[in-house]
Amino acid sequence: MTEPAERKMRFLYGLRSKGVTDARVLTAMERIDRGAFVRGIFAERAYEDMPLPIACGQTISQPSVVGLMTQALAVSPRDKVLEVGTGSGYQAAILSQLARRVYTVDRHRRLVREAEAVFQSLGLTNITAIAADGSHGLPDQAPFDRILVTAAPEDPPGPLLAQLRIGGIMVVPVGQSDTVQSLIKVTRQPHGYDYDELRPVRFVPLVEGLAQD
Ligand code: SAH
């Protein structure tokens, strides 16, 4: 068993070697223990750069992908951020270190409940987790400075584009559910949207409607 300090150093070194170089993002990922978001037999693999199963048949993303997406989102301390796809809550916790306020939604109530408990145990008070179909965004809280989608739609959902502030950035994996998707960065301009393709990724599909659990 490796010592926690050595494990952390390796974890951060691994992130850097995959292209996560933003100092604020690395500090956030140093502070937030991924082990707090993974349960049972998978907990011991929390510091490896791989996605892991969580409840409701979903997955916690690979740390390097979390880092690269967070970096692409270019979050500022005053930003109000929406995350679609709470899952374990790990990505939302990272965002909470960089933004003023984070709203995170998931279609599984159970995941929202469990993530909230972890946020509370870590003393993260600027995250609001809500059970909702994130493809509609959160009209009551819009507009958002940043939107991060961690499940893949076929195209960026219209309501999310509409809820992005002018000058705002959305990072979203798009594509067919069972093939490799493209991570896209959308920047809202005064009269339209700019699209940049960042890298191939693989996420669970964005599914419409609230789940049963
Ligand atoms: N960001 C998460 C991992 C996300 S996995 C983490 O850090 O652990 C993708 C999540 O998107 C799943 O939990 C799934 O339930 C959720 N999801 C899929 N479609 C959704 C939708 N329409 N609205 C909200 N959440 C959705």
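Colleague: Quick one to start: is Ser61 buried, exposed or partly exposed?

Modeller: Keep in mind that this is a predicted model. In it, Ser61 is partly exposed, because its relative accessible area is 21% and buried would need under 20%.

Colleague: And where does Ser61 lie?

Modeller: In the loop between β2 (59–60) and α3.

Colleague: What does the UniProt annotation on Ser61 say?

Modeller: The UniProt record has an "active site" annotation covering Ser61, and that entry is unreviewed.

Colleague: OK. Which residues does Ser61 touch, not counting those up to four places away in sequence?

Modeller: Arg34, Met50, Pro51, Val66 and Phe203.

Colleague: Let's switch to the ligand. Which residues come nearest to the ligand?

Modeller: There are 27 residues around the ligand, and Ser88, Asp106, Asp133, Gly134 and Val207 come nearest.

Colleague: How much of the ligand's accessible area does the protein cover?

Modeller: On its own the ligand has 580 Å² of accessible area, and the protein covers 99% of that.

Colleague: Back to Asp133. Which side chain makes a polar contact with the Asp133 side chain?

Modeller: The side chain of Ser135, at 2.5 Å. Ser135 sits in the loop between β5 and β6 (144–149).

Colleague: Is Ser135 buried or exposed?

Modeller: Ser135 counts as buried, because its relative accessibility is 6%. Leaving aside neighbours within four places in sequence, Ser135 is in contact with Pro157, Pro159, Leu160, Leu206 and Glu208.

Colleague: What about the peptide bond from Ala142 to Pro143, cis or trans?

Modeller: Cis, with omega near 0 degrees. Pro143 is also in the loop between β5 and β6.

Colleague: Now phi. What is the phi of Cys56, and of Ala74?

Modeller: Positive, although neither is a glycine: about 65 degrees for Cys56 and about 45 degrees for Ala74. Cys56 is in the loop between β1 (52–53) and β2, while Ala74 lies in the loop between α3 and β3 (80–84).

Colleague: Are Cys56 and Ala74 buried or partly exposed?

Modeller: Cys56 is buried, with a relative accessible area of 18%. Ala74 counts as partly exposed at 39%.

Colleague: Last topic, the packing. How many residues are in the largest nonpolar core?

Modeller: It has 48 residues, and those with the most contacts inside it are Phe37, Leu73, Tyr90, Phe119 and Val171. Elements giving two or more residues to this core include α1 (4–17), α5 (109–121) and β7 (164–174).

Colleague: Which element gives the most to this core?

Modeller: That's α3, with 6 residues.

Colleague: And what is Val171 in contact with?

Modeller: Beyond its neighbours within four places in sequence, the contacts of Val171 include Met69, Ala72, Leu73, Ile147, Leu183 and Lys185.

Colleague: How many residues does the second, separate core have?

Modeller: The second core has 17, among them Val84, Leu138, Val172 and Val186.

How values were computed: Residues are numbered from 1 along each chain as its sequence is written. This is a predicted model: local features need pLDDT of at least 70, side-chain atom pairs count only at pLDDT 80 or more; totals for chains, interfaces and linings use all residues. Side-chain values use heavy atoms; hydrogens and water are left out. A nonpolar core is a set of buried Ala, Val, Leu, Ile, Met, Phe, Trp, Tyr and Cys residues joined through side-chain atoms within 4.5 Å. Buried means under 20% relative accessible area, exposed over 50%, partly exposed in between (1.4 Å probe, protein chains only). Helices (H or I, at least four residues) and strands (E, at least two) are DSSP runs, numbered from the N terminus. Contact means heavy atoms within 4.5 Å. A residue is near a molecule or strand if one of its heavy atoms lies within 4 Å of it. Accessible areas come from the Shrake-Rupley method with a 1.4 Å probe; for residues, only the protein chains shown count as cover. UniProt positions are given in the numbering used here, feature names are shortened, and annotations may be inferred rather than shown by experiment. A polar contact is a pair of N or O atoms within 3.5 Å; within protein, one must be able to donate a hydrogen and the other to accept it, and residues adjacent in sequence count only if both atoms are side-chain atoms.
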